[in-house]
Amino acid sequence: MSIRPSPSRRTFLSLGAGAAASTVWIPRRVHGYTTVEVASRLEDGVGMSKWDLDTPALCVDLDRLERNIATMQAAAKRFGIATRPHAKTHKSADIAKMQLAAGAIGICTAKLGEAEALMAQGVERICMTTSNLSPAKIRRAMQLRKKSAGFIQATDTEENARQLSAAAREGGVTADVVIDVAVGTRSGIPPDEGAVALAKLVDTLPNLKLRGLLSYDGGAQHITGFATRKERTLANIEPNVRVRESMKRAGLNTEIFSGGGTGTYNLQHLVPGFSDIQVGSYVFMDMQYLAIGSEDGNAVYNDFASSLTVVGTVLNNRFPGRLTTDAGAKALTLNVPHAGVIGEPDADYNAGSDEFGVITFKSGGPAKTYKIGDRIEMIVPHCDPVVNLYDVMYGIRNDKVEKVMAVTARGRSQ
Ligand SMILES: Cc1ncc(COP(=O)(O)O)c(C=O)c1O
């Protein structure tokens, strides 16, 4: 993956086309407000400028977020496939509810803690895409099943399936289960007869109800160039299609055949029997996804707009060719490609210090003159881990805070 933006990505950043605004330099007086102050101001019905927020501030442009959700839902409808968006990206009950309201058939979570936090805020129909192995987690999963009939749990070993069955019986529930069948080598049972045998076992174990299989191809999502992405996605999933066919021949339930992400949302419907896409990052987009290119040949993956930014403050401008900001690794993570500075295509953003970011300018220097205290806005390197660093996301419309959204499952990594 390239660290430096390609020319068209540079254009993208310079125009501000992928983020909330082209204006990142705010020469006005700024004053900081705490989260509580922002919330109480909104309770009074008074929004504030996002440039007045104290920083680093995680901001999501609501017009873009809403458009991304509508665009994905419309695309899925066109493709004849459902969406089951992954909440590992946003960890937000508000956004999960927006996705469900737009027509998603359910929500995915990667961690039990995420599922617990979201369900506590009224998010239903959750599919846990990760197997839960420890006795404590198995018990917690069955607690969630008790609370919500729409809860679905993935499994990928016979031992785990037997433990789920025992815990479901103990909890007095019948647990809906999907088999996590690997695409590649990350997680899941290999896509061979063992996977079919596991499905048969789940089908016969008491207190379990087999719903189908998951097949997420993490390695395909960020393949640069649509043609290669398509070829690899369809080739990689062939063994899983054969597993599903064997399951069907054996009379097993395959109503769920779920996977895919933002990079392959427009490919998964080409997979026979695929039921739904677990898209996550499309709500925000990030520098990693912008780099992969779209179907129409554009080097920028512009099917969805980048809605998520971090607003920071310039702390130091006194050293030639560089600026120091207040957004370092604890605000933007160390992921690559680096954060994109909106309006500054020649900037390289190094978030290598914990609390400080350092911007250097490659050739032409900055597009503007920055004073100490000026605000600066960045597209994040990779959305999921950045969101996990913040308690709240500021929902912005026309540069004003419209609502403050809790990062409901922030830090819920167990
Ligand atoms: C199992 C699973 N499904 C779906 C997704 C969502 O992918 P994306 O953010 O690329 O849309 C992920 C992301 O890592 C995942 O692990």
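Me: Helices (H or I, at least four residues) and strands (E, at least two) are DSSP runs, numbered from the N terminus. Which residue of β16 is the bridge partner of Asp-61?

Reply: This is a predicted model, in which local features need pLDDT of at least 70 and side-chain atom pairs count only at pLDDT 80 or more, while totals for chains, interfaces and linings use all residues. Residues are numbered from 1 along each chain as its sequence is written, and side-chain values use heavy atoms, with hydrogens and water left out. Strand β1 runs parallel to β16, and three bridges join the two. Within β16, Asp-61 has as its bridge partner Ile-396.

Me: Which residue of β10 stands opposite Cys-59?

Reply: β1 is also joined to β10 (residues 308–316), by four bridges, and here the strands run antiparallel. Two strands count as paired if DSSP finds at least two bridges between them. In β10, the residue opposite Cys-59 is Thr-309.

Me: How many of the residues of β1 are buried?

Reply: Buried means under 20% relative accessible area, exposed over 50%, and partly exposed in between (1.4 Å probe, protein chains only). In a regular strand the side chains alternate between the two faces of the sheet. One side of β1 has Ala-57, Cys-59 and Asp-61, the other Leu-58 and Val-60, and all are buried. For β1 (residues 57–61) the count of buried residues is therefore five of five.

Me: Which strands stand at the edges of the eight-stranded sheet?

Reply: The open sheet has parallel pairing and the order β2-β9-β8-β7-β6-β5-β4-β3. A strand with a single partner has one side left without a neighbour in the sheet, so the edges are β2 (82–83) and β3 (107–109).

Me: Which residue caps the N-terminal end of α4?

Reply: A polar contact is a pair of N or O atoms within 3.5 Å; within protein, one must be able to donate a hydrogen and the other to accept it, and residues adjacent in sequence count only if both atoms are side-chain atoms. At this end a side-chain oxygen lies 3.3 Å from the backbone nitrogen of Asp-94. The oxygen belongs to the capping residue, Ser-92.

Me: Against which elements do the buried residues of α4 pack?

Reply: The buried residues of α4 (93–102) are Ala-93, Ile-95, Ala-96, Met-98, Gln-99 and Leu-100. Following the helix is Gly-103, with a positive phi near 125 degrees. Taking contact as heavy atoms within 4.5 Å, the buried residues pack against α3 (62–79), β3, α5, β16 (392–397) and β17 (400–406).

Me: What share of the ligand's area does the protein bury?

Reply: Polar side-chain atoms lie 3.1 Å from a ligand oxygen at Lys-88 and 2.6 Å at Ser-281. For Tyr-216, a side-chain N or O atom is 3.4 Å from an oxygen of the ligand. Areas come from the Shrake-Rupley method with a 1.4 Å probe; for residues, only the protein chains shown count as cover. Alone, the ligand exposes 390 Å², of which the protein buries 91%.

Me: How far apart in space are Arg-322 and Thr-360, C-alpha to C-alpha?

Reply: Arg-322 lies in β11 (residues 322–325) and counts as partly exposed because its relative accessibility is 39%. Leaving out residues up to four places away in sequence, Arg-322 touches Asn-316, Asn-317, Val-358, Ile-359 and Thr-360. Arg-322 and Thr-360 are 38 residues apart in sequence, but their C-alpha distance is 4.6 Å.
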